[in-house]
Amino acid sequence: MSLEKGRISSSELVYLFMAVTLSTVTILGVASKNGPIAWLVTILGAIEASVFIWIFSALSARFVDKTFVEISDIVFGRYFGKVMAGLYLWFLFHIGSLTITDSSEFIMSTVFVQTPIWVMHIGFTLVSMYAVRCGIEVIARCAGVLVPIFVLSSVATVVLSIPIIDVQNFLPL
């Protein structure tokens, strides 16, 4: 199997980062240990994620025909760039494992209460493998469709909840 030369636009990259950020906030925000300041932590996390989105977008725009490993070599040098790329790939694998576990636990605690966790792990892993096989363009296009739907539904939920929102819950920090 040859390596795919998948290319996505900077706006698709932004949608991918938004999808990751929003899904993490949705799944982990529900089980947050931050109590009454969970909303503030979410906003600060979104600001931090925006900085990383901007950095990765700028790098992808500047090095259009380069892979992440090649960009790391240019930015950090030949050897340290390989170390940084390796650490980043390990980080992605680690985050992927945590995401599968967190998603499985979330679905099991809300919908499939009697389902063994390994079934959920296998299901999420198979879906992830299929998405990777389809390529980055397909994943980015799906994010471009699903992120606006998620944002609109979240805004609609907040707007429709305004009559029952107790502003005192936001005070004090």
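## A tour from the aromatic cluster to the surface patch

Begin by selecting Phe 56, Phe 68, Tyr 88 and Phe 91, which together form one aromatic cluster; rings of Phe, Tyr and Trp (its six-membered ring) are paired here if their centres lie within 6.5 Å, with planes under 30 degrees apart counted as stacked, over 60 as edge-to-face and the rest as tilted. The model is a predicted one, in which local features need pLDDT of at least 70 and side-chain atom pairs count only at pLDDT 80 or more, whereas totals for chains, interfaces and linings use all residues. Residues are numbered from 1 along each chain as its sequence is written, and side-chain values use heavy atoms, with hydrogens and water left out.

By the ring rule, the count comes to five aromatic pairs. One of them joins Phe 56 and Tyr 88, a tilted pair at 6.0 Å centre to centre with 35 degrees between the planes. Phe 56 lies in helix H2 (residues 38-62) and Tyr 88 in helix H4 (residues 78-110), so this pair ties together parts that are 32 residues apart in sequence; helices are DSSP runs of H or I with at least four residues, numbered from the N terminus. Tyr 88 counts as partly exposed at 24% relative accessibility, where buried means under 20% relative accessible area, exposed means over 50%, and partly exposed is in between (1.4 Å probe, protein chains only).

Next, select Phe 76 and Phe 80, whose rings make an edge-to-face pair, 5.8 Å centre to centre and with 85 degrees between the planes. Phe 76 is partly exposed at 39% relative accessibility, and Phe 80 is likewise partly exposed, with a relative accessible area of 47%.

Now colour helix H3 (residues 68-76), in which the buried residues are Ile 71, Ser 72 and Asp 73. These buried residues of H3 pack against H2 and H4, and just after H3, Gly 77 takes a positive phi of about 100 degrees.

Which residue forms a salt bridge with Asp 73? The partner is Lys 82, the closest N and O atoms being 2.6 Å apart, and a search of the whole structure finds one salt bridge, defined as a side-chain nitrogen of Lys or Arg within 4 Å of a carboxyl oxygen of Asp or Glu. Lys 82 is partly exposed, with a relative accessible area of 45%.

Return to helix H2 and select Ser 57, which counts as buried at 14% relative accessibility. If residues up to four places away in sequence are not counted, Ser 57 touches Ser 10, Leu 13 and Val 14, contact meaning heavy atoms within 4.5 Å.

Move on to the cysteines, where a search of the whole structure finds zero disulfides, a disulfide being a pair of cysteine sulfur atoms within 2.5 Å. The sulfur of Cys 134 is 8.0 Å from the closest cysteine sulfur, that of Cys 142, which is too far for a bond. Cys 134 is partly exposed at 28% relative accessibility, and Cys 142 is partly exposed at 41%.

Finish at the surface, by selecting Met 18, Phe 150, Val 151, Val 155, Val 158, Val 159, Ile 162, Ile 165 and Val 167, which form a nonpolar patch with about 710 Å² of accessible area together. Helix H6 (residues 136-161) supplies the largest share of this patch, five residues, while Ile 165, in the segment after H6, is partly exposed with a relative accessible area of 38%.

Notes. Helices (H or I, at least four residues) and strands (E, at least two) are DSSP runs, numbered from the N terminus. Patches are made of residues with over 30% relative accessible area and no salt bridge: like charges are joined within 9 Å, nonpolar side chains (Val, Leu, Ile, Met, Phe, Trp, Tyr) within 5 Å. Accessible areas come from the Shrake-Rupley method with a 1.4 Å probe; for residues, only the protein chains shown count as cover.
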